[in-house]
Amino acid sequence: MKSSSLYLRRRIKNVVALGLSSVATLIGLIFLAWILWETLRQGIGAINWNLFSKISVYRENGGLANAMVGSLILDLLGIAIATPIGVLAGTWLAEYANRTKLGETIRFLNDILLSAPSIVLGLFVYTIVVLPTTALTHGDTTFSGLAGGIALALIALPVIVRTTDEMLRLVPSTLREAALSLGIPQWKLTLQILIRASRSGIITGVLLALARISGETAPLLFTAFGNNFLTFNPMDKMPSLPQAIYEYTKDPDPAINAIAWAGAFVVTMFVLALSLISRLILSRNKVSHD
Amino acid sequence: MQANEAAAAVPIQEVRAHRDARDDRLFGWLLKGCALLVLASLLGAAGATLWGGRDAFMHFGFGFLTSSEWNPSDDVYGALVPVFGTLITSFIALFIAVPVSFGIALYLSEVAPPWLRTPVSSAIELLAGIPSIIYGMWGLFVFAPFFADHVKPWLTSYLGNQPDDGKVSWVAEHIPFIGRMFGNDNPFGGSVLTAGIVLAIMIIPFISSVMREVFQTVPTRLKESAYALGSSTWEVVWDIVLPYTRSAVIGGIFLGLGRALGETMAVTFIIGNKMKLSPSLLDPGASIASTIANQFGEAAGLQKSALMALAFLLFVVTFIVLMIARLMLRRLAHKEGR
């Protein structure tokens, strides 16, 4: 009798625990669906042609064209700065400093930079770019697209470093040995054989970094600063889609809030599509990314 | 003739070997320089915020950490309210996210039928891809009003000490602190608690993906031995899988904590941005990141310095938390012999 009741208790405990785990998963999925559904519903309703063709909502029939152009410039700047540095740094970690003390330390710090608070990185760039240029112009605070691009590059950098590092370590060492035995100098081996061999993985890392930075707001607040007008000059204050969403969400006017939703819809779709594509490619290469 | 050619060929090869060696050295330096930039940006971020915050640290000394007064009109700044807000929202986020993430990891590794695992885990990971500004908007326009209408009245009347109907609940009378934690006269949904809940949703994908990944590293023979002895699935997970992966699970939790501490945009929208210390989780508050985002644009002088000092505190705390996370995660990797 006693043992059968113990058995029953254990079975009940098991069923309850496994049931709760399904509930937890359901909770996660419900919130995902809820957020996406609201973004979809409120965003699609507010989408119209003006959004893509007119600038700044603070005028009659305004749109988000200036913010979209600004975002494009800022993201490209960030990627253009971070990609060469990140790929070279990742190559150093994998090819030159693998299992050395300094290499391990930098790999470790890179993982920390990966989740460092982006607003602090924004303030860092404010200090090293915006303040010095302000001193040059005798006191006019010179927020600039360039500063914003550098801030985004700092966020993209660890993503690219890590992917490059992991991708290069997947390249079979026979490839290196074959090349070196033919007398190729190491720099040629690295640039023309190793990086080429892991090209698709590295490109995926860059896409992942782009997905990461194109939704970032915090580092842009005090670097690119935002702008109600269209500008192509990277030395000018530069608007961006996430920052426009931030400002239009705070506005008391529901019509302007609606435009923020439309912007949110555009950003979310862009980011999710990018990260889905890059994750698909990465999962084929079996590399973890947290 | 032939002897001459051979004599000429040797120097050319030597020149070439020499040039290659030089190029290799230069290339190595270039690569090392790029890698050191990672180090430089972390040191730079700490240095820049410490330098920017030097006035505040010198002016207020240690009192900067213990003072809850933040008053731009009198130029007096204390870090206690935002520091408290950051810690309490992150703690709420962990309190919710850890069990839910564990449940998700358990479901995905033991319960779900194999064909369902990949789509469900990709869906959960999608949550990590949504930009934080979207969480902020959703929190402000959708979740906070929902919370104020449907969840808050329930919390105040069953747990709080200031319910709308005037009757103090049993819980508030008999358990200390609970009543004050849920008592409030704030009609809006934006509060420390809602900010914590939204943070929880944001960090669930990070924690659950780490947990799921490390659960899969448990040797099958260990689990099968336990099953062979008659263990239930829950017993295998609780008594075999969890102890085996303990350090990495803690690492995953700290990784989530690191994210929650530094999160800016979502919290800024929802927390209410009030520089006042309150024991109630339903009252608005402020976090370090939200205070910086709100005030840095218009700040000058000592206020700007105080905000930089806050950023320095945030950076140091997240750095330590993330360091612990990575060290814990590494421990399991070492055990595996990677």
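Below is a quick walk through this model, one chain at a time and with a table along the way.

Bear in mind that this is a predicted model. Its scores are ipTM 0.91 and pTM 0.92. For chain B, the mean pLDDT is 89, with 92% of the residues at 70 or more. Where pLDDT is low, the predicted coordinates should not be read in detail.

**Chain A**

Let's start with the record. An unreviewed UniProt entry carries the annotation "transmembrane region" for residues 12–37, 76–96, 108–131, 143–161, 202–225 and 258–282 of chain A. What does the chain look like over residues 143–161 of chain A? There it is 89% helix and 0% strand, and 28 Å lies between the end C-alpha atoms. Residues 202–225 of chain A come out at 54% helix, again with 0% strand, and here the end C-alpha atoms are 31 Å apart.

Most residues other than glycine have a negative phi. Arg99(A) is not a glycine, yet its phi is positive, at about 70°. Asp75(B), also a residue other than glycine, has a positive phi near 60°. Here is where they sit:

| Residue | Phi | Loop between |
|---|---|---|
| Arg99(A) | about 70° | helix H3 (65–96) and helix H4 (101–114) of chain A |

Is Arg99(A) buried or exposed? Arg99(A) counts as exposed, because it has 6 C-beta neighbours inside 10 Å and the cut-off for exposed is 12 or fewer. Asp75(B) has 11 such neighbours inside 10 Å, so it counts as exposed too.

**Chain B**

The chain is divided into domain 1 (12–48) and domain 2 (53–337). Taken over C-alpha atoms, the centres of domain 1 and domain 2 of chain B are separated by 40 Å.

There is also a helix pair to look at in this chain. Two packed helices are described by the angle between their axes and the distance between the axes. Helix H9 (residues 192–215) of chain B packs with helix H12 (residues 246–262) of chain B at an angle of about 155°, and their axes are 9 Å apart. How do H9(B) and H12(B) run, roughly parallel or roughly antiparallel? Angles over 145 degrees count as roughly antiparallel, so H9(B) and H12(B) are roughly antiparallel to each other. As for handedness, the crossing in which H9(B) passes H12(B) is right-handed.

Technical notes: Residues are numbered from 1 along each chain as its sequence is written. Chains are lettered from A and ligands numbered from 1 in the order in which they are written. This is a predicted model: local features need pLDDT of at least 70, side-chain atom pairs count only at pLDDT 80 or more; totals for chains, interfaces and linings use all residues. UniProt positions are given in the numbering used here, feature names are shortened, and annotations may be inferred rather than shown by experiment. Helices (H or I, at least four residues) and strands (E, at least two) are DSSP runs, numbered from the N terminus. pLDDT is the predictor's confidence in each residue, from 0 to 100. A residue is buried if 20 or more other C-beta atoms lie within 10 Å of its own, exposed if 12 or fewer, and partly exposed in between; C-beta atoms are placed from the backbone. Domain bounds come from an automatic or database domain assignment. Axes are lines fitted to C-alpha atoms, for helices over the stretch in contact, and angles run from 0 to 180 degrees between N-to-C directions. Angles under 35 degrees count as roughly parallel, over 145 as roughly antiparallel, 65 to 115 as roughly perpendicular and the rest as oblique. A crossing is left-handed if the near helix is turned anticlockwise from the far one by less than a right angle, and right-handed if clockwise.
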